[in-house]
Structures are given as C-alpha cells and as structure tokens.
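This report examines parts of a predicted model. Please keep the sequence and the structure in view while reading.

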Amino acid sequence: MSNKKYAIILDDTLCIDCKACTVACKCENHVPAGFYEYRNWVGEVENKKAVFPNISRKFRPSQCQQCDNPPCVHVCPTRASYQTEDGVVLVDYHKCILCKYCMTACPYDARYENTDIHAIDKCTFCYHRLAEGREPACVETCPPKVRKFVDLMDADGEGNKILQTTQTEVQKPEKGTNPKLFYIK
Amino acid sequence: MRVGERGEGKWKKVSWDEAFDYITDKVVKLVREEKNRSTIAFASTEGMQEEFFVDLANIVGSQNTVRHPTLCLASNIQGYASVYGTFPDADLVNAKFVIMAGANRAEAIITPDTIDMAKNKRNQTLVCIDPRATKTTAMADKWYPIKPGTDLALVLTIINYIISNNLYDAEFVKEWTVGFDELKESVKHYSVDWCAKETEIEAKEIVWMAEEFAKNAPESVWYPGRRSSFFVNDVYLRRAAAILNAIVGAWDKKGGLVPKSAVKLAKHEVLFPYFDWSEPRIDVGKFCFIDGLVPDHEKTDAGLPSDSCAYLSEKDGSWPVFREAILNKEPYPVRGMFVYKQNPVESVPNRAKTLEMLKGLDFICTIDVAMSDTAFYSDIVLPESTYLERWDPAHNLSGLQPIVVFRQPVIEPLHDTKPMFDIMCKLAHKLMDRKEFWEDTSEEDLELFREGCLERLTSNPVKSFIHHQMSKYPGGYEKLMEDGCFAIHDEPVFGQTYKKGRLKTRTGKIEIFSQRYLDKGLNPLPAYSKHEEPKSGEFRFVVGRHGQFTHANTQNNMWLLEAYGETENSIWINAKVARERGLRTGDYVKVKSEVGEQTIKVLATEFIREDVVYYLHGFGRLSQGLTNIYKKGASDAAIIKDYVDTISGNAALHETFVTVEKV
C-alpha cells in the first residue's frame, strides 16, 4: 500500500471564475483546443428563484472527484480506467476502446473524448508532476488560492486539520462514490 | 508593409532594413515639411518596454506622446492627489470594511488587489456597488445596484451622516486636514432620504454603510479602484471618496488608504538636444472644440471648463482631446503616428472618429505582437517579440509593498520579431545618419547627444541596463536575477506621512477644501449635480471587463476565448425588460447610439438594472488579422460617445444612451 492518499480541498467562496485553472490544465496536459474538451471547469451555482435585485452569485470549480469508490473503474470492460495505490484514478489510453461506459457511469461528467489521442481522458491530479514534488497545475495557478492539494495519509497534515476543524461537503454524496474533492461550506 | 488601400488588408513582407529605411524617410520628410517635430505623434500604453518607445519620441523630438490614463484612471489620480498629494492604494489585506463602487476586481484582475481581496475574505465585509452584478458580487457580502451616476450623492450623504452623528475622527481632522468646517456646511443638505431616492439604495442600507464605515475606521476604505472614466465630473466623485476616508482618519494606517511606496531605480542621465522645431503638445491650451466634448447641462451644473482641460498630465495627454485636435488640425497639423502596444481604434470611444483620424494621417507605424485593429489600418507594422522572448528592463511596481521585477526570455523568438528596444536603437541610428534631420539643432548639442545619449541608450543590451538600474542597491542585481523580484521591505510600511509631518500638498495637510481648485474656477468642495437620464425607451450603456481578457488585447487568443466560452459577446438586458420587449436570450438586436450602431446577441439576465445595458469590451473587431473574433459580436468603442472630463482630460464612458431593436 502506498503511504499517500491525495485529495483537494476547495474554498469556492473565493472563486472569481477567472478560469486560470482551466487554461493552465489545458496547457499543462495538452488538452486539445475546443470548447468541449477540458479536464476541469468552473460552473456558476444557479439560483433559479433569483429576481433582480435579490440575487447572489457563486462559482464552483470542479474536475474529476478522484472517487475512492470510482464507478468509472468498475464499468470499464478493458480495465483502461484504473486506480493507483495512492488513490488517483487514471486512464491507460492504449487500452481504451472508446466505449464510453465510463462517461455514462461518472456522476460528475468529468470525462471527455480526447480527439488527439482517440481515448477517453480526464483529470489525473497532474500525476506526472506529483513525482517531481509539484502540485497539480490548477492548484498552483489559482490567483485567489481556492484549491489546496493535500495528503490524507498525513495524519497531522493541513488536509486532515482542515477536514477536522471546518465543515466541508462533497458533491452528490448519495452516489456512494466517496469523492476526494472536499468543498468548504 | 501596406500595399493596398488603408484597411484593405493587403500587405507585403519586407526586411527589417527596408522597414527602418521606409520609416526614417517618412519621419524625416514630414518633420522637414512641417518644420515641426511634434507633427509625429506617439501613442502607447503601459508595458515594460514602453520607456524605449518614449525614448524614440524624445529622439524624434516630438512633444506629442499620448498614453492610456485618460481612457482609464486619470480622474482617479487627479481626484485623490488633489486631496492627499498622491494617488494611494487601499490596504485590502487588513481592511475590515471595504466599499467597492464601480470597481470589479474579480474580472478586471490586478495584482495584488484581486488576490488581497480573497486573502481577507472571511474577516472583511465587502460591499459591491454596481448597476450590474459583476463577478465581484460573488465575493461580496452586499450588492447594491445603484442608479448610475449617483455615486457622488451616496458618498456626500455618508459624509454628512458621519459628521452630523459625530462619528468622525475629530482629533485627526483637526490635526491633518484643512477645510473641514466648509465641508460640514456644504454637505448638510444631503439627507439619507434624499439620497435613497437619488441612488435607489434603501435608506437603512445607506445608514448601515455610514455607520459601519465609521465603526471600522481606520480599517475601512472606499476603494479607489483603477478605471474611473465614468462621467464628465468624475474628479469630484474621486475627491469626495478621498475625503470620506480622511474624516474617519483612515489614512496611512493599517487597513486604510496608504500612500504608495516605490523602489527607486537608477536611470540613464540623458540630455536630449534642444530642437527649434518642437512645438508644444496639441491637447494643451484653449480650444473651442472642447465645448463639443462636454454635455451642455454639465458645463453649468458641474462648473466644468469648456475650452480646455484644467489639469492635464504633460506626458499622458488626453486621448479624446488629442484626437479632436488632430481632426481639427489645431493648433498645427499632426501628420504621422507611431503606436506601441495600444489599439486606439478599439480603446478610444467613438471608433468612427478614430478611423477618420487615421485616414487623415500621412504615415502610421504600429509596433505590436498581434495584428490589432490599429495595426490593420497602419502603413507599416513592426512585429514585436512577445514577453516570453525578450529581456525587459527592471520595473518598479509601486504600492503598499513595492517590488522590482524584470523579464528574461524563456524561448528564442519563434518568428522574425524584435523587441521595442532593438527597434528604437535601429531607428535612432538611422535617423542619426540623416544630416538633414538635425538642421534645427546646434552642432554641439548634436555631438553631445551622439556621444552621451545615443551611445548610452543604444549600446547596452537590456541586461546591462538592468545592472545599471539596480546600481543603488548593493547585491540587488544578483538578488533580482536569482529571485526574479527585489524588495527593500518584507512587510508594508505604514505611517510615513506622520513621520515626515506633512503631505505632498500645497498646505502640507489633507486638502478637503482645495484653494487650487477655487483659483482655477472649479468647485473647491465636491458638489453633486444630476446627470442626464435616458429618455423613455433608451438605456444607459455601461462598459466593463471580463476575467479572461486584458482590455481588447487577448480576445483572439484561442485558449482565453475558449475559457470565455463563446466567440462573441452578448448584450445584458434585464430579464423583465427583455420579456416586455419580446426579447429572448440568443435573439439578435441592433444597438444604436448617437455615434454608431452594432448588432449583437441578447442575454436576458437578472444581473442588471432595468435602465442599463452592458456588453463586453473587445469584440466586433475590424482587423482581419484577428481571425477568431473578426466581425464577431459588437464593439463598445463603436457606440460610446466621446465626452471628456475637462478637469483631468479623462474620457467619460458612461454618458452614452442607446436604443435596442430586434433585428
């Protein structure tokens, strides 16, 4: 077993929707140009009842939730989607047959078809950077520092400290996926 | 180099040498014909090589440099400086109560303010005042969609409330300000109820703001912001905001307004020759055409000059007045123009006039990293190396905690481009070789210039220049090269004013009442006057920025355009108003003002007032070189009227009314 378990904690009240994370991700990971190919994104939390002037705005950056119980891995017929020992869900592009079961299974719509490499692609927590001791590009580039990249195996680390002392939530907890993206309430 | 008509888009590639010869010929010819070096104008905007462009203007001997502040923050600088003698920063990291009115730090990103705003989010109350819910609203605790043009009523009412309820810092006011009694008298009729009607912000909210502002002082701040080119009497609003901070003593203390500090860099000691043929600037002095740039009622109501600008920065000038002077050929003809990094076609209001101005010029040279609209209308375009491909000199970023930064190339230039520095050097030497260009200066002057100035300016590569710039700080150059930045203090320094015992004003105090203004025939104290309102069926047009784009510069960048999410902009119309007019999101409408019209897609939204419409700057472009956005969406420069604030020379971008019709 690995002695690491990576997660991201987000304080999205700080998000200004500048999309530096999306641009950094696309450049770092050679995500093809185009409006429909991206590994991370920023959405606006829509309040349908809002009527001028009683409105509020809130942005929520997101990406693959790096679920501890990842449905995409379970449904993959060729085992192209797999989970590393440190809990990161990756795709072996050579094994991918583009059946898109994983895209259907993902409750977070976090996967897309990469038209350059003809495989399904997604956030890797910038796995290639982790080995060099660098944080994912989205974490490093964010001007208001919405994201914190943490190791949950580090009992006294910043991640566990925040999770113990602050109220956080995960997206779609009812799906039982145990996401490793935590949003500070 | 252009081969077709101006703006036709027909070009031929020429060698750098041919280009420099062509430019030199044109400059020499025009200067000699006019017997006036100032016939060549130089337009530029902030950038780390801008100083080399200004060097070129000085070598040519032109007085006519025109820069971006009068499309941006000239009135802000004038307003705050008239009170404090300097344009300060807000200490957003420590402030407990911040009012951000008309500033949008989430989308008009500047360092460090945008980041500081986030740092202190959970301990700070942020009030956002804006007729539309910008993305800054997401960060704010309160949002008040104020009626545009009434901010001054709000500030003066808050001042009155604070004074009449004895919430001001009496000791500070007594020791550090002049004119408080006159202020007290002049604001006493601005009641909360009147203000609520005027601004359309509820009375209890106005009271809350006033009380919180005073309670949190000195850790409270009316954020000065950046762009202040709103209305023609904008300087009075900025003066009032500066005064509000002064009466609660939130000056040069943690969490308040703080004067900027700087790290002083060494310069080249350069003496440019004395030229007989160098006429004064074209935008300084009295001109009858300025009368047409100020709305009639404002001349009387706001007491604004209508024949000249009261305080014009002598290097920055005033873009709207400058252009008008060229069009009127007053006081003399300007026949040539160099443009660096700026794009007047898209950034100066009333695009038709800018195109007319360009059409009348005999020579236009644009230096840019992209085929901007102005480049597209030029005779010759010099492609500059991008910031990743060149050395940039050391640059002092003044502020609460001033730092020095520089740039070094991370890649070799991808294309056959040159940095501004090289362009200046080459042109300087080409001009030097033309004997006939120096007829109006003495042999001695010229010799001095050749040896002392030209040698110094052009022989050093930028890297050695940085060494010279940092010469005041032993080890500073090495530190800069190692860390990428250099600072004298690790923490901001507060209270310099109190140490020095005076401010940089005439009286040495904070000038609430301005004798200088009175002497110029201006209001010595800020007074509110109503702005014209949209007629029935019209909307006020407001301008704004988006986080993905730097002004009109980066829309053509594929990654940024993708991040924006669309290839065209949309006009924000209040959802209720849109319903009443049968408009739906995605419909196309014609937006028409007094000066132009554009066609654009509708975005029906709850995020804007009913009497206001808005669309994003930087679309609807004329340059075919901007392939991703050419003729996509609508240009705001095409419809904004070119009114001018005649105190600072700043453009007034929110005085335009438009009609919106379905197409």
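**A helix and its cover**

The cover over the buried residues of helix H15(B) includes helix H13 (319-328), helix H14 (344-347) and strand E11 (363-368) of chain B. Helices (H or I, at least four residues) and strands (E, at least two) are DSSP runs, numbered from the N terminus. The buried residues of H15 (residues 351-360) are B:Arg351, B:Thr354, B:Met357 and B:Leu358; a residue is buried if 20 or more other C-beta atoms, placed from the backbone, lie within 10 Å of its own. These residues cover an arc of only 120 degrees around the axis, which puts them on the same side of H15(B). The arc is taken from the directions from the helix axis to the C-beta atoms.

**An enclosed strand**

Strand E4 (residues 97-101) of chain B has 4 of its 5 residues buried, so it is largely enclosed by the rest of the structure. E4(B) runs parallel to strand E5 (residues 125-129) of chain B, with 5 bridges between them. B:Leu126 in E5(B) is the bridge partner of B:Val98. In E8(B), B:Val98 has the bridge partner B:Val221.

**The contact between chains**

Chain B gives 22 residues to the contact and chain A gives 23 residues; two residues are in contact if their C-beta atoms, placed from the backbone, lie within 7 Å. On the side of chain B that touches chain A, the largest share, 5 residues, comes from H23(B).

**Conventions**

Residues are numbered from 1 along each chain as its sequence is written, and chains are lettered from A and ligands numbered from 1 in the order in which they are written. In this predicted model, local features need pLDDT of at least 70 and side-chain atom pairs count only at pLDDT 80 or more, while totals for chains, interfaces and linings use all residues.

Terms used. A residue is buried if 20 or more other C-beta atoms lie within 10 Å of its own, exposed if 12 or fewer, and partly exposed in between; C-beta atoms are placed from the backbone. Two strands pair if DSSP finds at least two bridges between them.
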